[in-house]
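The entries below follow the order in which I looked.

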Amino acid sequence: MNGFSPSLFSGQRFAVFGLGKNGLPAVLMLTSTGATVQVWDDGEAGRKGLADALSTLAPDVAARITCKPFESLNGFEALILSPGIPHVLPKPHPIALKAKAAGIPILSDAELLYRAVRQSGSKARFVGITGTNGKSTTTTLLAHILAEAKLPVAAGGNLGPAALALPFLSDNGVYVLEMSSYMLERLDTLHFDAACLLNLTPDHLDRHAGMDGYAQAKKRVFTGQTDKDLAVIGVDDTWCRAIAAELEHDPAKCETISGTNPACSYYGKDGAIWHHSTRIAQTGPSLPGTHNAENAAAAIAIARFLGVPDATIAQAVASFLGLPHRQKLVASCNGVDFVDDSKATNADAAARALGCYEKLVWIAGGTAKEGGIASLTPYFPHIAHTFLIGRDAPLLAQTLKEHNVPFTMAETLENAVPAAYTEAHRTHTPVVLLSPACASFDQFSGFEARGLRFQELADEVCARHAGMTEQ
């Protein structure tokens, strides 16, 4: 089914812990290629997902899967540990301690994909894209460009399909992997033909013992590169500028990118992406703001390195439709646009959206990251009114109060969306923006569910007010 040989991992024994987005595909791929797997998940939902999957497998494949807690990890090839489960900080999970005691490596599923591709004899190229923000847009845009160029491409990792759910690609194929800092910590032999670090702002600091550790984890995307490879790095923040200076001494060719800085190799200007003084592609409404210019610059730099003609790149960028929950226009009525930016789970991501509008009604809140929304004060003059939702709304309200930004404690999206529309219509404000600057897990299963609910509520508001005469 996935194109890999059914005997690829024959005779090898793997441990998989965690049966979520990454773990279950790992179990299915490993056993479909001949491996024996023991697996466990502390949650009942994960184990039920495995049980459902087992009923669809051939008996000989299902027989190679054992689901039970681990007494030890002696005799296993490696432990495939779900990215969200810590192996060092803030406290190692007991399964990670068992792996250390047994002397076996803890690997990312991306590492196993690389091994599978190389052991299958394919020279398919690997692209790794990381950064605090913009990874998903850059990954998806690059995959779109490559597909338009008729290159075999498979995109996934931290975004979309897990690495081990991706199919086998032959020599001319390209794997485009969005890489989180958690995944990058667990690489071994994988090195990227083209690697990109977009930006760095504080995130996941408990997992990496502060910003220095977080930067070191992200920098691993460039590990093992040779003079035949490409390193792409954004230089619009101080952390990445320092890493860029280090990369100049590495063997891989280094291209710098920026949303605005013409001193870089690739940069945004006048609604287009430029390489030095040559305009490569015009960006459209699906890539608003300087942050998306940075994302497009990265994708274009890599596409050109992979041999895609400039004319194809320009056409692909123009036809790109954008991503769900990333500044996506989801509804409009009576002069008010509803924009879903639910993916903005931290303040830096929200800043990128807030900077795109002269005047807006803002919906924010959820589970706040370290620092809350204090860094967003430069954008506060653009905010006509804020509607706060979720657990940490009181924390955000304190910051808004200190800066005299009007706000309402709406508590839920169900309250916030219709009230935001009423306020926007009353004050002739053209945009209602959901850009929460917070995680969603206090009220939703994830940012996707939060964004979908926002769209449903926006549609209801527009249906209710359709045909209203503007005041």
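**Entry 1: a covered strand**

I began with strand 8 (residues 174-178) and found that 5 of its 5 residues are buried, so the strand is largely enclosed by the rest of the structure. Here buried means under 20% relative accessible area, exposed means over 50%, and partly exposed lies in between, with a 1.4 Å probe and protein chains only. Helices (H or I, at least four residues) and strands (E, at least two) are DSSP runs, numbered from the N terminus.

I must note that this is a predicted model, in which local features need pLDDT of at least 70 and side-chain atom pairs count only at pLDDT 80 or more, while totals for chains, interfaces and linings use all residues. Residues are numbered from 1 along each chain as its sequence is written, and side-chain values use heavy atoms, with hydrogens and water left out.

**Entry 2**

Which strands pair with strand 8? I found 5 bridges joining strand 6 to strand 8 in parallel, and another 5 bridges joining strand 7 to strand 8, also in parallel; two strands pair if DSSP finds at least two bridges between them. Within strand 8, Val-176 is the bridge partner of Val-127, and Val-174 is the bridge partner of Val-153.

Stepping back, I saw an open sheet of 9 strands in the order 7-8-6-9-10-11-12-13-14, with mixed pairing. Its edge strands are strand 7 (153-157) and strand 14 (278-282), each of which pairs on one side only.

Further along, strand 9 (residues 194-197) and strand 10 (residues 230-234) run parallel and are joined by 4 bridges, with Ile-233 of strand 10 as the bridge partner of Leu-197.

Next I looked up helix 6 (residues 135-148) and helix 12 (residues 310-319), which pack at an angle of about 125° with their axes 9 Å apart. Axes are lines fitted to C-alpha atoms, for helices over the stretch in contact, and angles run from 0 to 180 degrees between N-to-C directions. Helix 6 and helix 12 are therefore oblique to each other, given that angles under 35 degrees count as roughly parallel, over 145 as roughly antiparallel, 65 to 115 as roughly perpendicular and the rest as oblique.

Which residues make the contact (heavy atoms within 4.5 Å)? I listed Leu-141, His-144, Ile-145 and Glu-148 from helix 6, and Thr-312, Ile-313, Ala-316, Val-317 and Ser-319 from helix 12.

Leaving aside its neighbours within four places in sequence, Thr-312 is in contact with Glu-148 and Ala-149.

**Entry 2: another strand with both sides buried**

Last, I turned to strand 21 (residues 431-434), where Val-431 and Leu-433 point one way and Val-432 and Leu-434 the other, and all are buried. Strand 16 (residues 336-340) pairs with strand 21 in the parallel sense over 4 bridges, and Asp-340 stands opposite Leu-434. Strand 17 (residues 360-365) also runs parallel to strand 21, joined by 3 bridges, and there Trp-362 stands opposite Leu-433.

Terms used. Contact = heavy atoms within 4.5 Å.
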